[in-house]
Amino acid sequence: MKLVLVLLLGAVYVQHTESQFRLPKPIDVVKNAAKPIQSTIKLFTEQFRSFKTQFRKSYASPEEEERKLNVFSRNFEKITQLTKAGALPFVTKVNEYCDLISSEFNKLLNGLKVKRKSGSRRVRRGSLQGGPGHAADSIDWRDKGVVTEIKNQGECASCYAFASTAAVESQTAIKTGKLQDISPQEVLDCSQVEPYENYGCDGGSLEPAYDYIKSKGVVSDQSYPYTATTGEKCNASPDQVSANIKSYVTIQEGDEEALKEALSNIGPIAVGMDASSENWQFYGGGIYYEPDCKSAIENLNHAVTLVGYGEENGMKYWIVKNSYGTSWGENGYAKIARNETNHCGIASYAVYPLF
């Protein structure tokens, strides 16, 4: 048994054409660790107590707390199994979402519902400034002081509002030199009506969010603070607008080189991805590679903001700004495998604002 486990955990690097490297793929380890534990699970009562204290968790009833203890214990065991397995290019850890089963997590937080607009402008590689292939070897827009702090969307599927406003924040800072937090709550509340038709805390899409900002502008986060609930009405103040855009551009679906060029030359970009895996829910650092991740646009369920890209030990990655708070990932950020056949659909739905 031990010998078989060692063989399963062996990580093999296979060189691609164009000097690209395939990430380790211990598929059996990842799949087995993600399976529900069939036997009666050990209750990690002490760890659950610490978890509740750290993340200020409270539950509506003793029955609900008992259910959450069981969910936490199962998730804690899965994270422990993955940690012991090793050999993955990323790690998992306990975060504030460890009392949610996978279906709850995806329903409450991952709310991207892609609506493609046939008339929106699209760009291919080489169509940006500088000509084909003109992109830095690596870039991190955080180092340039144009990326705001990590935010937390809470248990509201408003990722589309956070990703779109994060891109507008950064691109406004690049153009004006002024970095300011703008209001995802305004986009959440005010892009529900026609002609935008997002769904508040039940999800939405990037293009309608940008259409709203293009039409109405958006105020600061301080003027219209986030509540993690869908407002009964739009409370925007036109006389307090902090940012606006003229239009937006959609990158050719699946073209990672075009995405790289745009990210290098234009700035941070809002993108969709498949974030349905439990491994993503508990991601704690390293380069995220999920064998079961899907890249088709219909499988995208979460919106994030790309703020850079790089390479580490021969493995290329995108730098993702998420909206799950700082307990998740690398203080709220993630690295996702790059040039791995459009991993998790990171280049399937990428849209950036124009000023």
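I started with C159, which counts as buried at 0% relative accessibility. The model is predicted, and I read everything below with that in mind. C159 is in no disulfide. I looked for the nearest cysteine sulfur and found that of C156, 9.1 Å away.

**Entry: overall counts**

I then stepped back to the whole protein. I counted ten helices and twelve strands. Of the 355 residues, 54% are buried. I checked the contacts with a separation of 6 or more, and 78% of them join residues 24 or more positions apart. The protein exposes about 16000 Å². Carbon and sulfur atoms supply 49% of that area.

**Entry: disulfides**

How many disulfides does the count come to? I get three. A disulfide is a covalent bond between the sulfur atoms of two cysteines. I numbered the bonded cysteines along the chain and wrote down the pattern 1-3, 2-4, 5-6. I took the pairs one by one.

I looked up C156 and C201 and read an S to S distance of 2.0 Å. The torsion about their S-S bond is -95 degrees, and the link is left-handed. This pair links distant parts of the chain, 45 residues apart. C156 sits in the loop between strand 3 (139–140) and helix 6, while C201 sits in the loop between helix 7 and helix 8. I checked burial for both cysteines, and C156 and C201 are each buried.

The next pair is C190 and C234, again a disulfide, with S to S at 2.0 Å. I read 90 degrees about the S-S bond, and the link of C190 and C234 is right-handed. C190 lies in helix 7 and C234 in the loop between strand 4 (218–219) and strand 5 (241–243), so the bond ties together parts 44 residues apart in sequence. Are the two ends buried or partly exposed? C190 counts as buried, because its relative accessibility is 4% and the limit is under 20%. C234 counts as partly exposed, because its 38% falls between that limit and 50%.

The remaining pair I noted is C293 and C344, with an S to S distance of 2.0 Å. The torsion about their S-S bond is about 105 degrees, so I logged the disulfide as right-handed. C293 is in the loop between strand 8 (283–288) and strand 9 (302–312). C344 is in the loop between strand 11 (333–337) and strand 12 (350–354). The pair therefore ties together parts that are 51 residues apart in sequence. C293 has 17% relative accessibility and counts as buried. C344 is buried with a relative accessible area of 1%.

**Entry: helix 6**

I turned to helix 6, which covers residues 159–176. The helix has 18 residues. I took the span from its first C-alpha to its last and got 25 Å. That is close to the 26 Å expected at 1.5 Å a residue. Why do I call helix 6 largely enclosed by the rest of the structure? Because 15 of its 18 residues are buried. Just after helix 6, I found G177 with a positive phi of about 80 degrees.

**Entry: S205**

I looked up S205 in the loop between helix 7 (184–190) and helix 8 (206–216). S205 has a relative accessible area of 0% and is buried. I listed what it touches, leaving out residues up to four places away in sequence. The list is L112, K113, V114, K115, Y160, N198 and Y349.

**Entry: F51 and C98**

I placed F51 in helix 3 (residues 45–55). F51 is buried, with a relative accessible area of 2%. Which residues does F51 contact, leaving aside its neighbours within four places in sequence? I found K57, Y59, F72, V94, N95, E96, C98 and D99. I then took the C-alpha separation of F51 and E96. It is 7.7 Å, for residues 45 apart along the chain. I also checked C98, one of the contacts of F51. C98 counts as buried at 1% relative accessibility.

Technical notes:
Residues numbered from 1 in each chain as written. Predicted model: local features only at pLDDT ≥ 70, side-chain atom pairs only at ≥ 80, totals over all residues. Heavy atoms only, no water. Helix = DSSP H or I, 4+ residues; strand = E, 2+ residues; numbered from the N terminus. Buried < 20%, exposed > 50% of the residue type's maximum accessible area, 1.4 Å probe, protein only. Contact = heavy atoms within 4.5 Å. Areas by Shrake-Rupley, 256 points an atom, 1.4 Å probe, with all protein chains shown as cover. Expected span 1.5 Å × (residues − 1). Disulfide = S-S within 2.5 Å.
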